[in-house]
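Hello,

Here is the structure I promised to hand over. Please open it first, then read my notes below.

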Amino acid sequence: MGMTDVLIVGAGPTGLVLACDLARRGAAVRVVDRSPAPPRTSRAKGPNPRSLEILDDLGVAEEVLAAGSDPLPMLKYRDRRPVAEADPWADSAPSPDARYGRGWLIAQWRLEGILRDRLAGYGVRVEPGREVVGLTQGRDGGDGGHVDVTYADGPAGRARYVVGCDGAHSSVRKLLGITFEGTTAEDQVMVCGDVDLADGALDRTRWHQWFDEDGAVMLCPIPGTRTGWWFQAGPERDGRGRPLAPTADGFRRLLAHHTALPGRALTRAELLSTYRVNVRMADRFRAGRVLLAGDAAHVHAIAGGLGMNTGIQDAFNLGWKLGLVLAGHADAELLDTYEEERLPVAARTLDLTSERLRATLEAIRRPGGGLDAAITPDTTGLGVGYRWSSLAAGGPAPGAEQPGPRAGDRAPDAPCADAATGERTRLHRVFAGPRTTVLGFGPGSAAVLRETADAYGGDAGVRVCRVYAAHEDRAGAEPGAVVDDAGHAAAAYGTGASGDTGAGTVVVVRPDHHVGVLAPADDARSVREYLRRLHGTGRSAERSPGMVDAVR
């Protein structure tokens, strides 16, 4: 049977982002999903600023922006009358170090369609109706290890690695016997669906929220549709107070009860589902050659909209690590850093979303309270970093406060100009694509950049970029160098004023835009050791692809 590098189980946003990232690295990827057709679920309302940066790196951000809309102000009602309006994003604007100041509103099925199209560009198509029912990890002398995969029907398959991106009820997680500890709040229930309202029934520039003592209805327009709305509500209940399953007629009764609209204004309802607050997490994200990402690894309260976003960020953390191990540059131990970094983030996200849910439930008891209580700077994703990680090398002693990011933090963006052409660009454009980037600030960084280019020049996995201050002479600038003409990069990375003639600074930025090393430019050793850990010894590593499992 043919061997694939990575089998991804589940074709939601997490699985598709991971597949795109691996496919562009040249890995052989298969994506299977048990649904017979792409699911049109009524779920996430869109990517947060950090996810937009990831989608930008994958080359689909412009399409996502075109297919969606800005997040909308919230109009809140009590007893059918408008009582307050809030725009939690009013003060969010792009800044030099973050191009996306706010999240974006787009239907999840639309985002998945864009990612499937991008994946198809790499020659990879999702295989629908393929349910995984067995996983056996084996070793053989030749390739050092694999996973045999059994499907409910059709021939078995074999992969070097398997990643379960198959949601909260993950078959992969169950097959591994990994526990999913946590709680399900049976009483915290919401019914959801996609509905059509009569044309002109409600203002489509607002997210309407009716919060009454005996329940709630929320209606948010679905971008790219003329009459489509996301419907969320407290459920109808039977005589004993138990929630009833959602139905189109039930939605009409809820609409008529809470809003000033007649039930008949709701002309169609589909994708009906019941949402219960589930707060659960896998106790590990890796078992040998099988890994978990997204809802398969963690589920949490809906407040703040972090579910899909956390999954996308899991995928972006894992993709480059799998890529470097498959290419034979890094040893398989690198995969341990996926759980080391993402499990604490998931745990914190569980706490954050539960706290936002509590704040929201508290807020809606008062007239004028609404879902804006769930939106905080924490929900942008831009502050998530991995300072505790074994991949966050060195750095100043704890307590030594210096400007700029620390190892493990998200690497800031900054507008700059191409040194050769003068064209506008930004650091995140420099980072884009599946490579590690070494930035050099100050003349003193030239030697480290040269040494890195010599060692890894033939290997597309590492690139170097000299960042010139506006006043510096750049006559001999290397291709790819940029000019920090407004000083934003120096400010963002804390590399001193542009007139500073210090030794300079060198920053290693991982492929997922996190800082690996931030060191004085004369500390070539830190850079060398870090790159060796991720990319092997450079040119010599290219001759021995069999090293992938030699060091276990």
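Start at glycine 167. Setting aside neighbours within four places in sequence, glycine 167 is in contact with Arg173, Asp295 and Ala296. Glycine 167 sits in the loop between strand S7 (157–164) and helix H5 (171–176). Threonine 14 is 153 residues away from glycine 167 in sequence, yet the two are 9.3 Å apart in space, C-alpha to C-alpha. Bear in mind throughout that this is a predicted model.

Now the overall picture. The protein has 552 residues, and 54% of them count as buried. It contains 12 helices and 22 strands. Take the contacts between residues at least 6 apart in sequence: 70% of them join residues at least 24 apart.

Next, the cores. The largest nonpolar core has 111 residues. Ile8, Val64, Tyr161, Val162 and Val163 have the most contacts inside it. Helix H7 (residues 307–326) supplies the largest share of this core, with 10 residues. A second, separate core has 19 residues, including Leu75, Trp210, Trp229 and Leu255.

Valine 64 is worth a click. Apart from neighbours within four places in sequence, valine 64 is in contact with Pro47, Leu52, Leu55, Trp104, Ile106, Leu111 and Ile114.

Two helix pairs involve H7.

Helix H2 covers residues 49–57 and packs against H7 at an angle of about 45°, with the axes 9 Å apart. The two helices are therefore oblique to each other. The crossing of H2 past H7 is left-handed. On the H2 side, the residues that meet H7 are Arg50, Ser51, Ile54 and Asp57. Their partners in H7 are Asn309, Ile312, Gln313 and Phe316. By class, this contact has three nonpolar, three polar and two charged residues.

The second pair is H7 and H8. Helix H8 runs over residues 336–363, and its axis comes within 10 Å of that of H7, crossing at roughly 170°. That makes H7 roughly antiparallel to H8. From H7, the contact takes in Thr310, Gln313, Asp314, Asn317, Leu318 and Lys321. From H8, it takes in Thr337, Tyr338, Glu341, Arg342 and Thr349. Here the classes are two nonpolar, five polar and four charged residues. Gln313 meets H2, and Gln313 also meets H8.

Three further residues deserve a look.

Histidine 428 is in helix H9 (residues 427–431). Is histidine 428 buried or exposed? Its relative accessibility is 6%, so histidine 428 counts as buried. Leaving out residues up to four places away in sequence, histidine 428 touches Glu53, Arg410, Ala411, Pro412, Asp413 and His513.

Glutamate 472 lies in the loop between strand S19 (462–469) and strand S20 (482–484). This residue is buried too, with a relative accessible area of 14%. Beyond residues up to four places away in sequence, glutamate 472 touches Gly442, Pro443, Arg466 and Val467.

Glycine 263 is also in a loop, between helix H6 (248–258) and strand S12 (266–282). At 15% relative accessibility, glycine 263 counts as buried. Which residues is it in contact with, leaving aside neighbours within four places in sequence? They are Arg252, Leu255 and Ala256. Leu255 belongs to the second core. Leucine 197 is 66 residues from glycine 263 in sequence, and 9.7 Å from it in space, C-alpha to C-alpha.

That is the handover.

Best wishes

Terms used
Residues numbered from 1 in each chain as written. Predicted model: local features only at pLDDT ≥ 70, side-chain atom pairs only at ≥ 80, totals over all residues. Heavy atoms only, no water. Core = buried A, V, L, I, M, F, W, Y, C linked by side-chain atoms within 4.5 Å. Buried < 20%, exposed > 50% of the residue type's maximum accessible area, 1.4 Å probe, protein only. Helix = DSSP H or I, 4+ residues; strand = E, 2+ residues; numbered from the N terminus. Contact = heavy atoms within 4.5 Å. Axes fitted to C-alpha atoms, helices over the stretch in contact; angles between N-to-C directions. Parallel < 35°, antiparallel > 145°, perpendicular 65-115°, else oblique. Left-handed = near helix turned anticlockwise from the far one by under 90°. Nonpolar A, V, L, I, M, F, W, Y, C, P; charged D, E, K, R; others polar.
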